[in-house]
Amino acid sequence: MWIRTLSMNECTEVLAGHHLARLACAKDGHPYVVPIYYAYADNALYCFSIPGKKIDWMRANPLVSVLVESPLRRRQWKSVIADGRYEELPERIGHKRQRDHAWSLLSTHTDWWEPGALKPVTPPLADDARHIFFRIVIEEVSGREAKE
Ligand SMILES: Cc1cc2nc3c(=O)[nH]c(=O)nc-3n(C[C@H](O)[C@H](O)[C@H](O)COP(=O)(O)OP(=O)(O)OC[C@H]3O[C@@H](n4cnc5c(N)ncnc54)[C@H](O)[C@@H]3O)c2cc1C
C-alpha cells in the first residue's frame with residue numbers, strides 16, 4: 001500500500017461526492033465528535049440540526065474539524081479533513097437567503113431532516129426556532145489517498 005496527498009480539487013471532489021461526515025468540536029479542553037449529514041457548496045458544509053450538545057459547544061467555540069471518508073477497501077481509501085468555522089444561519093432578516101440555500105441543498109435527499117431532528121427523547125418540534133441550519137465554512141483542507 002502507498003499513500004499520497006490529494007490535491008485541492010481532489011479534496012473538493014471527495015467533499016462534494018459524499019454526504020456523511022464526522023464533525024468534531026471542542027469546549028473547555030474537551031473534544032466531542034458526532035456523525036452528521038451535510039451538503040457541500042460554496043466552500044462550506046451545510047447542515048441541519050435541533051438544539052443539543054454539539055450546537056451549544058459550537059456556539060461557544062466555532063472552530064471545528066470535519067472528516068469525510070471514502071472507504072473502498074481496507075487498503076484503498078480517500079479521506080479529507082476540513083478545518084473550519086461554525087456559522088449559524090438563523091431565521092432573521094439578513095440570513096434568509098443563506099437559510100433557504102441550505103434548505104434547498106439539503107432537501108435534494110429524501111428524509112434529509114430526520115437524523116438531525118430525532119433524539120431518544122425528542123422535544124416537540126412545533127417551534128421553528130428549534131430548526132437550526134448552519135454551515136461549516138472551510139478554512140483549511142487536506143486529503144490523503146491509500147492505494148495498492
Ligand atoms: C448516519 C448519521 C447521520 C446523522 N445526521 C445528522 C444530521 O444531519 N444532523 C444532526 O443534527 N444529527 C445527525 N445525526 C445524529 C448525530 O450524530 C447526533 O446523535 C445528534 O445530532 C445529537 O447530537 P447532540 O450533540 O445534539 O447530542 P445530545 O442530544 O445533546 O446528547 C448528548 C450526549 O448524547 C450522546 N450522543 C449524542 N449523539 C450520539 C451518537 N450519534 N452516538 C452516540 N452517542 C451520542 C453523547 O454522549 C452526548 O454527550 C446523524 C447520525 C448518524 C449515525
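So, one definition before anything else: I call a residue buried if 20 or more other C-beta atoms lie within 10 Å of its own, exposed if 12 or fewer do, and partly exposed in between, with C-beta atoms placed from the backbone.

Some housekeeping. This is a predicted model, so local features need pLDDT of at least 70, side-chain atom pairs count only at pLDDT 80 or more, and totals for chains, interfaces and linings use all residues. Residues are numbered from 1 along each chain as its sequence is written. When I say helix or strand, I mean DSSP runs numbered from the N terminus: H or I with at least four residues for helices, E with at least two for strands.

Back to Leu 105, then. You'll find Leu 105 in helix H3. Leaving aside residues up to four places away in sequence, Leu 105 touches Ala 39, Ala 41 and Tyr 46; a contact here means two C-beta atoms, placed from the backbone, within 7 Å. Tyr 86, on the other hand, is 19 residues from Leu 105 in sequence and 17 Å from it in space, C-alpha to C-alpha.

Which other residues of H3 are buried? Arg 99 and Ala 102 are, along with Leu 105. They sit on the same side of H3, because they cover an arc of only 125° around the axis. That arc is taken from the directions running from the helix axis to the C-beta atoms. Turn to the other side of H3 and you get Lys 96, Arg 97, Asp 100 and Ser 104, which are exposed. The cover over the buried residues of H3 includes S4, S5 and S8.

Helix H1 can be read in a similar way. Cys 11, Val 14 and Leu 15 are its buried residues. Their arc around the axis is only 95°, so they too lie on the same side of H1. Asn 9, Ala 16 and Gly 17 are exposed on the other side of H1. As for what covers the buried residues of H1, that includes S4, S6, S7 and S8.

Now the core. By nonpolar core I mean a set of buried Ala, Val, Leu, Ile, Met, Phe, Trp, Tyr and Cys residues joined through C-beta atoms within 7 Å. The largest one has 30 residues, and Tyr 38, Leu 45, Tyr 46 and Val 66 touch the most other members. Elements that each supply at least two residues of this core include helix H1 (8-17), helix H3 (96-106), strand S2 (20-27) and strand S4 (39-41). Take Tyr 46: not counting residues up to four places away in sequence, its contacts are Tyr 38, Ala 39, Ala 41, Ala 102, Leu 105, Leu 106 and Arg 135.

On to the strands. I call two strands paired if DSSP finds at least two bridges between them. S2 and S6 pair antiparallel over 3 bridges, and Arg 22 has Leu 67 in S6 as its bridge partner. S6 and S7 also run antiparallel, joined by 10 bridges, and they make a hairpin with 2 residues between them. Two of the bridges into S7 are Arg 73 with Gln 76 and Glu 69 with Ser 79. S7 then pairs with S8, antiparallel again, over 12 bridges; Trp 77 has Ala 146 in S8 as its bridge partner.

Arg 73 and Ala 146 are 73 residues apart along the chain, with 9.6 Å between their C-alpha atoms.

Last, the ligand. A residue is near it if its C-beta atom, placed from the backbone, lies within 6 Å. There are 14 residues around the ligand, and Ser 49, Gly 52, Lys 53, Pro 115 and Gly 116 come nearest. Strand S3 (30-37), strand S5 (44-49), helix H2 (53-60) and helix H4 (114-117) each supply at least two residues of that shell. S3 gives the most, with 4 residues.
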